[in-house]
Amino acid sequence: MPATAASLTSYDVIVLGAGAAGLFCAGEAARRGRTVLALDHATKIGEKIRISGGGRCNFTNIHTSPANFLSENPKFCVSALSGFTPQGFIDRIDAADIAWHEKKLGQLFCDGSANQIVTMLTDGLAANGAGLRTGVSIEAVRRDESGFVVETDEGRYRAASLVVATGGKSIPKIGATGAGYKIAADFGLPVIEPRPALVPLTFAGADKEMASALAGVSIDASVTTEALKPTPKGARKSAKPPSFRDGFLFTHRGLSGPSILQISSYWREGAALSVDLAPTCDVFTELRTKRSDNGRMGLAAALSDTMPKRLAATIADHENWRGNLADRSDKALTAIAKRVHGWRVTPVGTEGYRTAEVTAGGVDTRTLNSKTMEAKSVPGLYFIGEVVDVTGWLGGYNFQWAWASAYAAAQAV
Ligand code: FDA
């Protein structure tokens, strides 16, 4: 959609960033009769919506609850999530005649294309008279006695309320800048250090060689990580991260797949992962049965009924296995089963913002009003969406946070 002309220079509300949260907030605020202008430096807006969910946009999750989000302040998201629920967004999708389906675990996707959601959101702006300027460089943001002043390469805009919806740092090549963190800092608001999340993890040395040799092997696994939390004095224990059971993939540089993306949001440098490589079977019982049925079987052959042959062979290699099952005691089989069900490995890093689906951390929610997203110390300044320290699990939760936080702010501006 072409950008609409900014006919005014002074608005009730300026929204910085026309992504998921910004577009929805601008449309909803305009619907309430506010004069609104959304500004984005990208020429093509809503790119993350377009590429999300493999082009079909996993636009919400019907099981959304505060437990599906990470934040230094876990209760912050409760009010916004209950004020605008997944059903609230489904109602919008239905009203726009966009067909959708549930894929798995409450994840809702468009039947057709994610473009339909971008169109629905931009139509919402146009129908309610909100302005949209794209390809605009934001040079400075400040506050004076009459409100907020946004200096851009096409001139100066003013507004009584300023909503920052510039997202995180993930995928810089489609416009992510992290500009919102700077705006927060300029207004004296603390920012929880941003970090890549929902991102593949990487190995070094022997672990990397092993992963590389297994690249392409994909299994169902259950993964968790140690509870480490960085502090100025170093790592300390924090709440125990959950376990995620889902697809698990070896890559040339480390690990990926949904279970790894999920746990990556909780992983901290130095923390080990614990991986159950065979969550559906009791490996000890399996090995003992095979030992009595066919004692001449080796470990790789015995494990290859439960996992891909290449992985079974690598485990046998790592165990330095020689000989037959019949030569091993129950104690030895128990030790192997323990390692298969609790493989411990320590990544050295992540694939970074280049591939991370989201950015964890962000504007410290202790400085925001949870009902309105307004900065407590700067009346009229709002932060919504991914720029805020609220990060959802994989599965539609991040868009639900974008819609819910946008809706909360739109009712208040
Ligand atoms: P978003 O990033 O959408 O928008 C920010 C906007 O601000 C952009 O338009 C950007 O151009 C603009 N901007 C940035 N800096 C600026 C500056 N200096 N000046 C002006 N404008 C500026 N989530 C989910 O729930 N389901 C899914 O299926 C997926 N899939 C998915 C796939 C991939 C590949 C990625 C990268 C991400 C997802 N996500 C997802 C996550 C989801 O896309 C993300 O959480 C939301 O888009 C966040 O919405 P925001 O509006 O906060 O930021």
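Is aspartate 330 buried, partly exposed or exposed? I started my notes with that one. At 32% relative accessibility, aspartate 330 counts as partly exposed. A reminder to myself: this is a predicted model.

**Entry 1, aspartate 330 and its partners.** I looked up which side chains aspartate 330 pairs with. One is arginine 291, and the two meet in a salt bridge with 2.5 Å from N to O. This pair joins distant parts of the chain, since aspartate 330 sits in helix H12 and arginine 291 in helix H9, 39 residues apart. I then checked arginine 291 for burial and found 19% relative accessibility, which counts as buried because the cut-off for buried is under 20%.

Aspartate 330 also forms a salt bridge with arginine 288, where the closest N and O atoms are 3.9 Å apart. Here too the link spans distant parts of the chain: helix H12 covers residues 330–341, helix H9 covers residues 283–293, and the two partners are 42 residues apart. Arginine 288 has a relative accessible area of 37%, so I noted it as partly exposed.

Next I turned to arginine 156, which forms a salt bridge with glutamate 151. Their closest N and O atoms are 3.0 Å apart. Arginine 156 is partly exposed at 44% relative accessibility, whereas glutamate 151 is buried at 18%.

Definitions and conventions:
Residues are numbered from 1 along each chain as its sequence is written. This is a predicted model: local features need pLDDT of at least 70, side-chain atom pairs count only at pLDDT 80 or more; totals for chains, interfaces and linings use all residues. Side-chain values use heavy atoms; hydrogens and water are left out. A salt bridge is a side-chain nitrogen of Lys or Arg within 4 Å of a carboxyl oxygen of Asp or Glu. Buried means under 20% relative accessible area, exposed over 50%, partly exposed in between (1.4 Å probe, protein chains only). Helices (H or I, at least four residues) and strands (E, at least two) are DSSP runs, numbered from the N terminus.
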